[in-house]
Amino acid sequence: MPLLEVQNLTVEFPTRRGVLRALDGISFDINAGEVLGVVGESGAGKSLTGAAIIGLLEPPGRVAGGQILLNGSRIDNLSRDKLRPIRGKQIGAIFQDPLTTLNPLYSVGRQLVETIQTHLKLSDRDARERAVQWLEEVGIPAARQRIDAYPHEFSGGMRQRVVIALALCAEPRLVIADEPTTALDVSIQAQIIALLRGLTRDHGTSVMLVTHDMGVIAETADRVAVMYAGRIAEIGPVRDVVKHPAHPYTEGLMGSIPSLEHRVERLRQIDGAMPRLTAIPRGCAFNPRCPKVFDRCRNDRPELMEAGVTRAACWLYARGAAHV
Amino acid sequence: MSEIVLDAVEVSRDFDVSKPWLQRVVSREPKRTLRAVDNVSFAISRGTTLSLVGESGCGKSTVARLAVGLYAPSGGEIRFEGQPLSAARAQAALRRRMNMIFQDPYASLNPRWRVRDIVAEPIRAFGLLTARDAITARVGELLTQVGLAPADGEKYPHEFSGGQRQRISIARALSSEPEFLVCDEPTSALDVSVQAQILNLMRDLQQRLGLTYLFISHNLAVVRHMSDRLGVMYLGRIVELGPGEDVFRTPRHPYTRLLLDAIPDLDMVGKSRTPVGGEVPSPIDPPSGCTFHPRCPLANDRCRREKPAHTKHGNVLVACHAVEEGRTA
Ligand SMILES: Nc1ncnc2c1ncn2[C@@H]1O[C@H](COP(=O)(O)OP(=O)(O)OP(=O)(O)O)[C@@H](O)[C@H]1O
Ligand SMILES: Nc1ncnc2c1ncn2[C@@H]1O[C@H](COP(=O)(O)OP(=O)(O)O)[C@@H](O)[C@H]1O
Ligand code: SF4
Ligand code: SF4
Ligand SMILES: [Mg+2]
Ligand SMILES: [Mg+2]
């Protein structure tokens, strides 16, 4: 049984001008110890997917359909009180901006101790000792001396390390990391990714890693889901999605990334832009931009289907379709 | 020999980062300055792109602002087409030939102006055209040139996506018919697919209009795509400068190597590596000698004492003792 199962998840925002469907029937699993990367352009629905799983959708946003199962039990229909112990203990979260996660008024030690004691039965002394260990584990130099420092006394990279310690200190089974390195410089980003990958491997934690940086995904994830306009366009093992994408959108996306290895005259370009939620095209949402569009794409919406090694929501892979 | 459009000679820029005067006097603190750009030299030939790359705070934007005269150098000199930049800026005819594109397409467009007025503003300011019809026609042409439609001129910036707004910024920058454009992280706020559109557009425009670019980015792959020449900055200095291909093929400076190693790449699927530790130190209190020494695997006593000068290796200038001494291996 997968650790996390997301089935047909739909998220809506009621607005004055009607209901906006921001996520429309998303399904995927994450296995124990697995890193699932989630990529896509801004607005594709990556963060909402993470927020729905941890039960942190901002009202009036709501889960309007589908279900989310952790270890086989539904967590999408729990009350706030029932959800709170799951958040932290079972599912940890790391966000882009460490300052939104850290409380500026409390020392990092106090925040760690509080989180540890909320979820694990430890005495003050043991919890503090555990906090020091976590700070050491995430690579804070002189952790014992710095445990009483406040967030603003740390650099951006160090703060993100503290956030990782906070997310992992209750030893959750699943960590949702939403753009954890986007605000950081490349050399720090490399350190944080290596750290996250090492820690989750050592502790057998599963990770849902949300980012728009394909390079980060390529290096970190086991599988990757590519999102477009509130749906999953393609999902599969990272090597296949990166090297042999099946979905025309994934193909365009990969081609648009400048390479360090070789220089090209022109980058591959997908013309146009991702549609707004208020104007999602009928049929395949990608059809106005797709170089391989055909009649069926404009009328019927494709669900994920087998496309070689990966699964793609694209009519090119319908049984009996002529492959292009 | 190709013609030099912009020439920076040993340019430095200091900022005063002291506490307010009274507070300083009361607590008897000395004045503090921060050297954001330290003795930087480069030249850009007509029709080519020089890129500067480096991590946050290394001085890229400060160089960009120096290059268009938004900041005056604290030391050294910048020449535009052979004239001191300050003198060039004083003449409208020269001033209109340089322009700048910024990182944030949201903040850099006036939200209350229609796009046609935003794009026409430099045309009016420099008096390039005066007849209304002529201005309208020119704005339509500029919008078409950047992949928008003349009718988009009637809209306001908020009606456009990030990529489209960056196209508007480019149209505005082009409207004074500049030859030299400083682009400070023009695609950093954009998604990769939109970034590809903008980078392609910038290269097309360069070829068609013979533009010269100073291109600033923290993304090495983007820089590789865009540049003829490349400068790598660390704490206000250019530590390696040369033809892009040479620097990418044989990075010599230990910091350039670190940067290249740190970048996650599509080709890295399933591979792992050991990132270099440490962070960029504060420029208010930079390390002695070579400022990279606390993070450098090749640092020795000389590095801690003595600031390395640039030495030439093939077509590449490198500021590193180990490279000079041939002990990089
Ligand atoms: N007006 C200013 N007053 C004081 N310090 C400044 C000023 N402008 C820049 N600095 C400092 O100068 C250094 C270089 O800044 P700069 O903005 O040029 O960096 P950058 O390379 O563009 O960084 P980023 O990648 O974050 O844009 C930094 O330490 C910055 O804090
Ligand atoms: N509070 C909200 N009200 C209305 N729409 C929202 C809200 N939050 C997010 N959305 C919309 O949902 C879509 C997906 O958002 P998000 O998950 O944040 O995207 P991503 O993380 O992929 O950039 C976007 O179109 C966004 O505008
Ligand atoms: S379903 Fe049709 S339009 Fe959509 S990606 Fe596939 S080929 Fe293109
Ligand atoms: S001068 Fe010394 S410390 Fe600086 S980069 Fe070269 S070897 Fe490293
Ligand atoms: Mg997001
Ligand atoms: Mg900058």
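How far from an oxygen atom of ligand 1 does a backbone N or O atom of B:Gly57 lie? I looked this up before anything else. The distance is 2.7 Å. I keep in mind that this is a predicted model.

**Entry: ligand 1**

I went on to the other polar atoms around ligand 1. A polar backbone atom of B:Cys58 is 3.2 Å from an oxygen atom of ligand 1. For B:Thr62 I checked the side chain: one of its polar atoms lies 2.5 Å from a ligand 1 oxygen. I then looked up the cover. Ligand 1 taken alone exposes 640 Å², and the protein buries 66% of that.

**Entry: ligand 2**

I turned to ligand 2 and noted the residues around it. Among them are A:Phe13, A:Ala22, A:Glu41 and A:Leu277. The list also includes A:Ser42, A:Gly43, A:Ala44, A:Gly45, A:Lys46, A:Ser47 and A:Leu48.

A polar backbone atom of A:Ala44 is 3.2 Å from an oxygen atom of ligand 2. A:Ser47 uses its side chain, with a polar atom 2.7 Å from a ligand 2 oxygen. A:Leu48 uses its backbone, where a polar atom is 2.7 Å from an oxygen of ligand 2. Alone, ligand 2 exposes 560 Å², of which the protein buries 65%.

Which helix gives the largest share of the shell around ligand 2? I found helix α1 (residues 46–54) of chain A, with three residues. By class I noted five nonpolar, four polar and two charged residues in this shell.

**Entry: helix α6 of chain A**

I compared the length of α6(A) with expectation. This helix runs over residues 124–137, and its 14 residues should span 20 Å at 1.5 Å a residue. The end C-alpha atoms are 20 Å apart, so the two values agree.

Which residues of α6(A) are buried? I noted A:Ala127, A:Ala131, A:Val132, A:Trp134 and A:Leu135. Seen down the axis of α6(A), the buried residues fall within an arc of 160 degrees, so they line one face of the helix. An α-helix has 3.6 residues a turn, so residues three or four places apart point the same way.

**Entry: helix α9 of chain A**

I looked up α9 (residues 186–203) of chain A next. It has 18 residues and reaches 26 Å from its first C-alpha to its last. That is close to the 26 Å expected at 1.5 Å a residue.

Why do I call α9(A) largely enclosed by the rest of the structure? I counted burial: 13 of its 18 residues are buried, so the helix is largely enclosed. Just after α9(A), I noted that A:Gly204 takes a positive phi of about 65 degrees.

**Entry: B:Thr291**

My last stop was a loop residue. B:Thr291 lies in the loop between α11 (254–262) and α12 (301–305) of chain B. Is B:Thr291 buried or exposed? Its relative accessible area is 15%, and under 20% counts as buried. B:Thr291 is therefore buried. I also looked up B:Ala221. B:Thr291 and B:Ala221 are 70 residues apart in sequence, and their C-alpha atoms are 25 Å apart in space.

Terms used:
Residues are numbered from 1 along each chain as its sequence is written. Chains are lettered from A and ligands numbered from 1 in the order in which they are written. This is a predicted model: local features need pLDDT of at least 70, side-chain atom pairs count only at pLDDT 80 or more; totals for chains, interfaces and linings use all residues. Side-chain values use heavy atoms; hydrogens and water are left out. A polar contact is a pair of N or O atoms within 3.5 Å; within protein, one must be able to donate a hydrogen and the other to accept it, and residues adjacent in sequence count only if both atoms are side-chain atoms. Accessible areas come from the Shrake-Rupley method with a 1.4 Å probe; for residues, only the protein chains shown count as cover. Helices (H or I, at least four residues) and strands (E, at least two) are DSSP runs, numbered from the N terminus. The expected span of a helix is 1.5 Å times one less than its number of residues. Buried means under 20% relative accessible area, exposed over 50%, partly exposed in between (1.4 Å probe, protein chains only). The arc is that of the directions from the helix axis to the C-beta atoms. A residue is near a molecule or strand if one of its heavy atoms lies within 4 Å of it. Ala, Val, Leu, Ile, Met, Phe, Trp, Tyr, Cys and Pro count as nonpolar, Asp, Glu, Lys and Arg as charged, and the others, Gly among them, as polar.
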